[in-house]
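Good morning, and thank you for joining this group meeting. I would ask you to look at the structure on the screen while I speak.

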Amino acid sequence: MEILIKPTNQTILASAGSTLLDAFLENQIPISYSCLSGRCGTCRCKVIEGSVSGPSAAEGRLAQHGQYVLACQSKVDSDSVIEIPEVDEIITHPTKTLKAEIVGYDELAHDVRRLRLKTTKTYDYSPGQFSNLTFWREDGTRSYSMAGVVEDDILEFHIRIVPNGRVTSKLDSEIKVGNAIKLNGPLGASYLRRKNSDPMLCVATGTGLAPILSIIRGALESGMSNDIHLIYGARTEIDLYGIDVLDALANKYDNFRYTITLDHAPKASAYFQGLVTEAIAEYFPDLKNWRIYLAGAPAMVEAASLACTKRGADIEQIYADAFYPSGV
Ligand SMILES: Cc1cc2nc3c(=O)[nH]c(=O)nc-3n(C[C@H](O)[C@H](O)[C@H](O)COP(=O)(O)OP(=O)(O)OC[C@H]3O[C@@H](n4cnc5c(N)ncnc54)[C@H](O)[C@@H]3O)c2cc1C
Ligand code: FES
C-alpha cells in the first residue's frame with residue numbers, strides 16, 4: 001500500500017499488517033509517540049484520503065474537522081494520503097513505568113491537594129503531559145498532569161478531591177509521605193509547542209491549572225518571548241489556588257498576564273464575573289494565528305474550543321487536555 005505523507009509530500013510503502021506508526025518509523029517519517037498502546041493520543045494524525053482502520057483519535061468538535069486516527073493502532077487498507085502534525089515539533093519520551101516516593105502531600109485549596117513525588121530514575125516529559133498514578137491496586141490508577149517542568153527535582157501534581165470519587169475521596173486518609181507509588185508515563189499530546197512566536201491563550205478551570213502552569217513555566221523559563229495570556233476559572237474565590245505562583249510569574253516576565261474568572265462570584269468581586277468562555281468573548285475577539293491550550297473539565301474544554309474557533313483559531317492549533325473521568 002502506498003501512503004502519501006502531507007505536508008512533506010513523501011511517498012512510502014506500508015507492508016501488509018504493519019501499523020501506520022511502523023510504516024512511518026521504517027521510513028524515517030518524523031512523528032511523535034509515547035505509549036504505543038493507544039492511550040496517550042500523541043501519535044494522532046489525519047486521514048485525508050483512503051481507508052484506515054483503527055480507533056478514532058478525535059472527540060467532540062475535533063471529530064467534525066476530519067478523520068483522525070492513532071498511528072500506533074491503525075492499519076492502512078488502501079492507498080492513502082495521511083497528514084502528520086507539526087513536523088518540527090516532534091517529541092518522543094518513551095512511556096515508562098517507575099516507582100516514585102511520596103515526598104509531600106498538602107492542601108492547596110479546600111478541595112485540592114498537592115502531591116509531590118521523587119523518582120530514582122530520570123523521567124523526561126514535555127510541559128503539559130500527564131502520568132497515570134497507581135495509588136493502590138490497579139483499580140486505584142488515575143491520570144494526573146504534571147504541574148512543574150522537567151528541570152524541577154520533584155514531580156508535582158494537583159489533585160481535586162471529588163466527592164465520592166473512588167480514588168480521590170480516599171487520598172487524605174491513605175497517602176503517607178515516605179510510601180512508594182507507581183507512575184506510568186509520560187502521556188498526552190497537549191504539550192507546549194516551542195518552535196513558534198505566536199501569541200498563546202491558555203485556559204484552565206480547577207486543577208486544569210496544573211498542566212497549564214507547566215506549559216506557562218516551560219515557555220517562560222526556556223526564554224520563549226511569545227505573549228502568553230491565561231484565563232483561569234473557578235466557581236468562587238475559595239476554589240482558587242496558585243495565585244501566588246501566577247503573581248510571581250507575572251512580576252518576573254513582561255510577556256505573561258492572567259485573568260481570573262468566577263462564575264458564582266458575589267456582585268462586588270474584583271474578578272471577572274462569568275464563565276471562561278465569556279472572558280474569551282470579552283477580551284479576545286480575534287484569535288487567528290494564536291496557539292490555544294485548554295485544560296480542565298471536558299464540557300469547558302469543548303465550549304472553550306468552540307469559542308476559540310469562532311474567533312478564528314485554527315482547530316489544529318488548539319491543544320486540549322480534557323479531564324475525562326476514568327472508566328474503572
Ligand atoms: C488526561 C487526564 C489528565 C487529568 N489530570 C488531572 C489533574 O491534573 N488533576 C485532577 O484533579 N484530575 C485530573 N484528571 C482527572 C482524574 O484522572 C480523575 O478522573 C479524578 O481525580 C477523579 O477520580 P476519582 O476516582 O476520585 O473519581 P471517580 O470515582 O472516577 O468518579 C466519580 C464521579 O465523579 C465524576 N468526576 C470525575 N472527575 C471529576 C471532576 N474532576 N470533577 C467533577 N466530577 C468528576 C465522575 O464522572 C463520576 O461520576 C485527569 C484526567 C485525564 C483523563
Ligand atoms: S503512541 Fe499512539 S496513542 Fe500513544
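I begin with β11, which gives the largest share of the shell around ligand 1, namely 4 residues. Please bear in mind that this is a predicted model.

How many residues surround ligand 1? There are 22, and the closest are Gly 165, Arg 166, Val 167, Thr 168 and Thr 207. Two or more residues of this shell come from each of β11 (141–145), β12 (155–160) and α3 (168–174).

Let me now turn to the domains. The chain is divided into domain 1, residues 2–83, domain 2, residues 96–187, and domain 3, residues 200–322. Which of them contribute at least three residues each to the shell around ligand 1? The shell draws that number from domain 2 and likewise from domain 3.

These two domains also touch each other. Their C-alpha centres lie 23 Å apart, and the contact takes 16 residues from domain 2 and 19 residues from domain 3. On the side of domain 2 that touches domain 3, β8 (96–109) and β12 each supply at least two residues. The largest share of that side, 4 residues, belongs to β12. Its residues divide into 10 nonpolar, 5 polar and 1 charged.

Thank you for your attention.

Terms used: Residues are numbered from 1 along each chain as its sequence is written. Chains are lettered from A and ligands numbered from 1 in the order in which they are written. This is a predicted model: local features need pLDDT of at least 70, side-chain atom pairs count only at pLDDT 80 or more; totals for chains, interfaces and linings use all residues. A residue is near a molecule or strand if its C-beta atom, placed from the backbone, lies within 6 Å of it. Domain bounds come from an automatic or database domain assignment. Two residues are in contact if their C-beta atoms, placed from the backbone, lie within 7 Å. Ala, Val, Leu, Ile, Met, Phe, Trp, Tyr, Cys and Pro count as nonpolar, Asp, Glu, Lys and Arg as charged, and the others, Gly among them, as polar.
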